Structures are given as C-alpha cells and as structure tokens.
Amino acid sequence: MRLENLNVDARDPRRLADFWAAALGAEPLTDNEAGVEVRLPLTGGRFLDLCFERVPDPSPAKSRVHPDLTGGVRQQEVVERLLGLGATPADIGQQDVPWVVLADPEGNAFCVMDEREAYHGTGVLTSLILEGSDPDRDADFWAVATGWERVAGVAEASLRHPSGTGPLLEFLTESGPKRGKNRMHLDVRPGPDDGPVTSRLLALGAAVVADDPELPWTVYTDPSGNEFCILAPTA
C-alpha cells in the first residue's frame, strides 16, 4: 500500500491547482475538464499527487483533513509568499498559537508551522492532518492503510514513512461532529500482493461508501467517518 493522492473538491480546479503547485513547488501532471493534477516529488523517488476534482458545490462544512506547510525559522517569509499567491488569513478559533492559519483561494484552511524538531526533514509539506473521534485508533488504522510507522511527534498520534523522511500523518481529536463530506480526502493504492489489506481495513472499522465497478477506485470511510479511496492495485 502507498499513500498516493490528496484529493481536493474544487469549483475551479485549475485555479486551485495553480495555487497549490506554486505553494509547494509541485509539477503539472494532468489537466482536463474533470480536474487537474499536480505532483509533489518526495525523497527516495516517492511522490504525492494533489488531485483537484471539479465539484460545482463543495461541502460548506469544515474539512477534517488538511495539509500543513513548513515554515520553521522562515515562517513569516513563507506566509508572505503564500499571501502573494492568493492565500488569505483565516480564523478557525485558533487564538494565540505559534503557527499561522491561512486559507487557499477557495477557503480551504491550512497552517504554516513554526520551528519544531519533529518536522525536520519533512520538506515543504510538513504534515497531513486527520481529525477524528479517536486519534490513537485512527493512527493504527492508517498505519495499515499506508504502511507508515508510528513516530514521536507533537500531535496526539503521528505516522511517517518507514524511511523517516517526508511529511507526517498527524491525528487530532475532532473539534466537533462531522458534518457533510470532507472537501479533502486521501487515496491509497495497493500493490499486487496487498489484497488482504482491504479485508484488514474493513475489520478495523472501514466502511464502503461507493463501489462502482466502472471506476478504478472504491470509496470508503475510516473509523472516524473520514472519506478515503482505495485505488486499483498496481500491476
């Protein structure tokens, strides 16, 4: 299994892809009427694709999945650059915190993080945040879904690729009950020998949301109700 995509519902996929490509230094991948994809290279030949799918009316509810960007000692400089790209300051009730909350051009909140030892070596993308009702349980679930390993971090539970490089998956207690579909979700892709993994995920609390045999993915929710997709296996 590998974590392959961060999928984002977008009214204007090209505009949003342009923003995130510039914000992260991601490379153009595909561009068509259905959506736009850009690729963020990671260490060791790995990658994370950001997929912006055209959705005329994205959910107005807060997404419980969002990216955090690296700021560190250059936090204010990074913030100013993002504001210049079209981000806006955002208030999600964070009050006095050492990170800066911004929103992308379609109002999706994300954070620019302060300097922390746990984030060394992550690259431009510090982490992907998942809120849920039980962060410890959700981390165990996503360790199976991604093959990533538990690491010490600043969140209630954290995972990282076994190489010890790249962004973290950070799990936080939900600020309230889930309302509507998340605007952002993760996609994972099994390898040719990963068939039993789907059965393990179902046993750990995954639920099938949509399974269209004509599509190369199946939509599930994790134990906290956050959507994700399992893509067609690699050959």
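Student: What are the ground rules on confidence and numbering?
Tutor: The model is predicted, so local features need pLDDT of at least 70 and side-chain atom pairs count only at pLDDT 80 or more, while totals for chains, interfaces and linings use all residues. Residues are numbered from 1 along each chain as its sequence is written, and side-chain values use heavy atoms, with hydrogens and water left out.

Student: In what order do the strands of the open sheet run?
Tutor: The order is S6-S7-S8-S5-S9-S12-S11-S10, eight strands with mixed pairing. Strands are DSSP E runs of at least two residues, helices are H or I runs of at least four, both numbered from the N terminus. Two strands pair if DSSP finds at least two bridges between them.

Student: Which strands sit at the edges?
Tutor: Strand S6 (88–89) and strand S10 (149–150), each pairing on one side only. S6 pairs with strand S7 (residues 100–103) in the antiparallel sense over two bridges.

Student: Switching to H4. Which of its residues are buried?
Tutor: In helix H4 (residues 195–203) they are Val197, Thr198 and Leu201. Buried means under 20% relative accessible area, exposed over 50%, and partly exposed in between, with a 1.4 Å probe and protein chains only. Seen down the axis of H4, the buried residues fall within an arc of 100 degrees, so they line one face of the helix; the arc is that of the directions from the helix axis to the C-beta atoms.

Student: And what do they pack against?
Tutor: Helix H3 (135–146), strand S15 (217–221) and strand S16 (227–231). Contact means heavy atoms within 4.5 Å. On the other side of H4, Gly195, Pro196 and Ala203 are exposed.

Student: How many aromatic pairs are there?
Tutor: Seven. Rings of Phe, Tyr and Trp (its six-membered ring) pair if their centres lie within 6.5 Å; planes under 30 degrees apart count as stacked, over 60 as edge-to-face and the rest as tilted. Tryptophan 20 and phenylalanine 110 form an edge-to-face pair, 4.9 Å centre to centre with 65 degrees between the planes.

Student: Where in the chain are those two?
Tutor: Tryptophan 20 is in helix H1 and phenylalanine 110 in strand S8, 90 residues apart. Tryptophan 20 counts as buried at 2% relative accessibility, and phenylalanine 110 does at 1%.

Student: Which rings form a cluster?
Tutor: Phe141, Trp142, Tyr220 and Phe228, linked by ring pairs.
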